[in-house]
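Have a look at the model first, then read on.

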Amino acid sequence: MRDALPTASGTAFSPPTGAATSRARASAGAADWLLLIGPGVIWGASFLFIAEGLRSIGPNGVTFVRILVGFATLALLPAARRPIAQSAWVGVALLGVLWLAFPLSMFPFAEQRVSSALTGMLNGATPLFTAIVAAGLARRAQSRGVVAGLAVGLTGAVLVAWPTIHEGKSSVDGVLLILAALVSYGFALNLARPLQQRYGALPVIWRAQAVALLLTAPLGLPDLLAARWTPGPLLALLALGALGTGMAYVLMAVAAGRLGSTRASATTFLIPPVALGLGVVVRGERAALLSVLGCAVCVGGAWLMRRAQGDFGRGDRPSTPL
């Protein structure tokens, strides 16, 4: 039997037993897994929430409401309200456009033309566009491994979109709107990295949301006033804002602190399969087999590219959630 140790108060303290230590480690491991999986599941479900929200409110209203609710959610956290330098506001304002106002406006319009499953699957190409923009800004050639990963991933993206392209002009327009959002993400994520590294993720995101809220209000408020709410779409938009544009960033920041930003960013690989599964199961959407295979190829290409960059094999690097 292990001896009890006296404490400062004079009471006895028994060191934790092996069983207690094992239970603590198991609990910590489960929490780590939840932190790792949670953001990807939330962001994957966001495309379902957008589709549901469109049943009651116009596309500009969807964007405005999600940013409004997300901004209000993060405002509750003291960490998000930490100050940043005045000189950082130019970059934050650009993030408000490139990371939030513009791409988040594209997705609802796209989902009026294509399925939520397709929108989510194409989002698997976000790391590819981020790498292409980074290479262009750095003006340096990439390694063969990175180029191979990009080639595989972009081929997968083409396969995802190919069956939809033949469905008519409206579907083509939807795919182009998604691609425009992904290109915007590519610039935004490269811009966000140094800002978040210096000031932290939540203060930068929260202020970028404030900028985006002002930018989307002129078109979003009329849609909000004209909305015809029913419980399902209302709950979907509240979840979209509070979770997808709010708490997912918090979970990502906590995961980066506990697990390292490289491991934490792996959650984004869950977005396409979650969006596909929810679109098919919940909304009864149909996904072409070629698109599903293309989604797997696209995610595989992104993984190969990041492996070639060393993201999964060496020290931690700052990364940014979507």
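A disulfide is counted here when two cysteine sulfur atoms lie within 2.5 Å of each other. This is a predicted model, so local features need pLDDT of at least 70 and side-chain atom pairs count only at pLDDT 80 or more, while totals for chains, interfaces and linings use all residues. Residues are numbered from 1 along each chain as its sequence is written, and side-chain values use heavy atoms, with hydrogens and water left out.

**Cysteines**

- How many disulfides does the structure hold? The count is 0.
- Cys295 is in no disulfide, and the nearest cysteine sulfur, that of Cys298, sits 6.8 Å away.
- Seen from the other end, the closest cysteine sulfur to that of Cys298 is in Cys295, and 6.8 Å is too far for a bond.

**Aromatic pairs**

- Searching the whole structure turns up 5 aromatic pairs. Rings of Phe, Tyr and Trp (its six-membered ring) pair if their centres lie within 6.5 Å; planes under 30 degrees apart are stacked, over 60 edge-to-face, and the rest tilted.
- One of them is Phe47 with Phe107, an edge-to-face pair at 5.7 Å centre to centre with 90° between the planes.
- Phe47 belongs to helix H1 (residues 18-53) and Phe107 to helix H3 (residues 89-111), so this pair ties together parts that are 60 residues apart in sequence. Helices here (H or I, at least four residues) are DSSP runs, numbered from the N terminus.
- Phe47 and Phe107 are both buried.
- Trp99 and Tyr249 also make a pair: their ring centres are 6.0 Å apart and their planes at 85°, so it goes down as edge-to-face.
- What does that pair tie together? Trp99 is in helix H3 and Tyr249 in helix H9 (residues 231-259), so the link joins parts that are 150 residues apart in sequence.
- Both Trp99 and Tyr249 are buried.
- Ring pairs also bring Trp43 into a cluster with Trp99 and Tyr249.

**Thr126**

- Thr126 is found in helix H5, which covers residues 126-138.
- Is Thr126 buried or exposed? It counts as buried, because its relative accessibility is 1%.
- The Thr126 side chain reaches the backbone oxygen of Asn123 at 2.9 Å.

Methods:
Helices (H or I, at least four residues) and strands (E, at least two) are DSSP runs, numbered from the N terminus. Buried means under 20% relative accessible area, exposed over 50%, partly exposed in between (1.4 Å probe, protein chains only). A polar contact is a pair of N or O atoms within 3.5 Å; within protein, one must be able to donate a hydrogen and the other to accept it, and residues adjacent in sequence count only if both atoms are side-chain atoms.
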